[in-house]
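Hi,

Here is the structure I promised to pass on.

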Amino acid sequence: MSSDAEITFEPIQPDLALGSEFIFRENGVAQVHQAKRQISGQYHWTPKALAGQDVWTSAMHHVERGREFHFVSSSSFGELVELTERSREADDLETFTELSLSGELRKIFDALVRDQFARADVAWLTLRSMYFIVCNERMLARDNEVLASQLLRGATGAGIAAAIGDALLEKMGKKLSRTEILASLEPQITPLSVAERATIYESVESQAARWKRSIERELLYPPIERTETGLIVDALASKRLVLVSGAAGTGKSAVLESVMARLSAAGQVVLPFRLDRLNAFDTTMQIGVQLDLEGSPVEALARAADGGEAVLLIDQLDAVSLASGRTPDNFDAVVDLIEEALASPKIRVLLACRAFDIENDPRIRTFARHSHLAELLDTVSVELLSDDAVDAAVTRMGLNPTKLATAQRTLLQTPFNLVLLSGVAPADDALDFDSIDALFDAFWSRKSERATRSRPTLRFSEVVSRVAAVMSERQTLSVPREVLDDGGLLRDAQVLASEHVLAIGDNRISFFHEAFFDYAFARMWMARSDTIVDFLTASEQELFRRAQVRQVLQYLQPRDPKRFRAEVATLLGSSYVRFHIKETVLAVMADMMSPTAEDVELMIEVAATHPTWEERLWQQLRRPQWFTQFDAVGHIGSWLTSNDEELRSRALNFMTSSIRDAPEVVTAELTAHADSPHYDLWVRWLVRFADLGENRKLFDLLLDAVRRGAFDNDDHGLWLSVNQLGAKAPKWAIELLRARLIDHHGALALEDGKVRALNLRDYGLTQIVRESGEREPLLFAETFVPYLQNVMAATARPMDLGDDPIRDSHFAVRFPEHDAEERELDDALLTATARALEAASINTPAKVQPLLDALSADPHDSAQYLLYRTMTAAPATFAEQASDLLSQGGRRLECGYASDSHWVARSLVAAIAPLLSDESHQRLENVFRDLKNEWERPRWRGRVAFSFLSALDAERLTRR
């Protein structure tokens, strides 16, 4: 509320009171506000319902007096909102009625003119100053509380909002200024002083400095310039909420640090904090307390910004995820915090979260896709580093990037792995790693060596183990410094902090990255004799334990496979282990890159106990590496030959999930069971998921199935499965079309006088016909010209036998291509063959000639159509040959479309005429001059002759 603003609650003057709850004046504009909670018995407000509340009358009254009219309700207004917006966009009534209104909007406007306003100009002018606003009452109250707490002090936001309401009620009917309202609130409630705002600003800056220190140890120096930084800054310039996503370790924090630097340099106040460093909280106020702020973070940020632009940066949103977070119970309070920020016009929100958690936590996924956030939200993905960026970073470490193996380079595309490598470089063996665990091992050894060199008595393992143990016990990612008092370990910890292994600040200790805590805990576990089940059942199995279980198992697997399998068996078999832990175990098993025969048998034994989550086990194991191992051991084959339908389905599901990554193995297994009564069903199912343009053996298997009719009742499924084949592998596509149309056991079987196969209507099929013909025209023509001739012969119409061209049931009725519908296969095949012949006649005319000779000798009308289309496309090559044919007259001139039975022949004449010798040109003129058509009516007699003669070279026609 600016200094010149005034508000009158429940005005009493008749002129102002009509339909008015309150009047707000600011910058010379008067706004009349009327509110109705909802419309009873209806989904939304209609013009008739508004008339029943005298809204139109009130609006017209106030607009005529130069005021705006705002109508607020929790019910929607249908298309009335768009109607008012369009009225404001139009500069005059004519533009509004002629260009802005259409369909339903015109009906609404015409009804308003007729029933409410009497005149169109009055209706338009009133609508221009009307605003329909949908407002949720609960959210409105919350927003008022948020804004009140940001601007004033002396009570909670709810208390301040209530006090303002009381002040307005006491002064009902009176015009109140900002100064008068503030005076009525004193002395209990007052505006913030300059000194208080300065103190709050310092608190926000202190938190920003703490956040920056907390991520410094995760950053690579010198930093890598990321394009995502600019994308996020641009997104924040246009959106209120920006979600930054990316895989674990892709450098989201580094990008955020760069974004914060840019925003701060532009004069914006930024309040960043990490959710993974906070203890449990239920309210936004409790978040503020943990950040040493007075009030909620949004309240502190708004006060610090003092009306300026500000950004609330919430890092590590995945910490409250159900999918992999350690404190999921904090999620609701985080959502409340975001909504508080969005209620503040000058505050924007920047969130960072792992992509895995966005997709796998239904709460985060729903929040990110909520309809009311759609216009406010933008998403920026932080991608892996490019090879050039990796090479530059490795070079700066003093290492030779040309020595990187492909697998190493892939690992280093994740910035966090580069941070680990930088902790090892420039040691001679820095590039000896082959996995993330190997990088962690090297990082541990190198840091231990450096720290011990600076302090020979330093107890590296003891400090790390103590911190990891207490973190695990308390299920938190930071612990008080006092946990290292025993034994004087704090001084050693300070050395580790200087080596960027630990982070010490605000009297708390944490590891430089969450992933290192998991690694340290897993490494420590190797020295323990108890099982993971013993560890889990000793306390509550909170979600915090999942990451620990995952890391311990991943650490054990390559180092002690026997103990690893024993731990897995115990975890999955124990009734005392909660399902979310077992699901983590299954995920670890599923992610194994090279499972062994022993791992396969372990899963078989677990499944044999038929746990309630057995189906989940099989779902997780449907990975190519597991399929290959199950197949090698013999389980896939035995399941396929089983009489148990469930086992056969299990085998088929494994094959389905691996058909793209291991097509050779799947094909070999299928071929081995070709005599199964279920074989064709398996083939039809599997090809739906295969990349049929990549594996020849699998494609040959498909061809055999098509030839013997395995897809006769599932043609749509077949063509849907190969919808990209025409573009990616056109030669294979032509083979498949040949298998279905030519080599098929019932290739020319008739139904109602037509070839049954050509009556198919399938977009995928016609698309393959079109694309393969365009990309391999000669092969397509060589394949399908003879086939089309066989179809013409098989479907020839008996009544057409004689001197005229023989017409068939498929192709005789034709339309120009720009009018033709190619939805049916016969039309698509004729069109594609004609185009293929045209293209081939231009590029390889000698190879097309045998096809033209066959078409020339064929008495069918459609054969002549293909012949003439080809010659027309390459007149320089076929001019004289075409002239000889046309000079025969008679049926040689009968070639066209349903709309003109000579048009194709005439087009050929027009194409070759300029290229003919005078003798050939004269011969054609002689044929055309006396041409008669028995079907021509007297008034049109000579039309056919004129049509052909006009296609000849006018300069060479005989003058008479």
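This is a predicted model: local features need pLDDT of at least 70, side-chain atom pairs count only at pLDDT 80 or more; totals for chains, interfaces and linings use all residues.

Below is what turned up, starting with the sheet.

Residues are numbered from 1 along each chain as its sequence is written, and side-chain values use heavy atoms, leaving out hydrogens and water.

The open sheet has 5 strands in the order β10-β11-β12-β9-β13, with parallel pairing. Strands here are DSSP E runs of at least two residues, helices are H or I runs of at least four, and both are numbered from the N terminus; two strands pair if DSSP finds at least two bridges between them. At the edges sit β10 (269–274) and β13 (377–381), each pairing on one side only. From one strand to the next, the twist averages 15°.

Helix α12 (residues 227–238) packs on this sheet and touches β9, β12 and β13 (contact means heavy atoms within 4.5 Å). Its direction makes about 180° with that of β13; angles run from 0 to 180 degrees between N-to-C directions, with axes fitted to C-alpha atoms, for helices over the stretch in contact. Helix α13 (residues 252–265) lies across β9, β10, β11 and β12, at about 165° to β12.

Then there's a helix pair: α4 (residues 80–89) and α7 (residues 120–128) pack at about 100°, axes 8 Å apart. So α4 is roughly perpendicular to α7 (that label covers 65 to 115 degrees). L83, T84, S87 and R88 of α4 meet W124, L127 and R128 of α7.

Cheers

Key. Angles under 35 degrees count as roughly parallel, over 145 as roughly antiparallel, 65 to 115 as roughly perpendicular and the rest as oblique.
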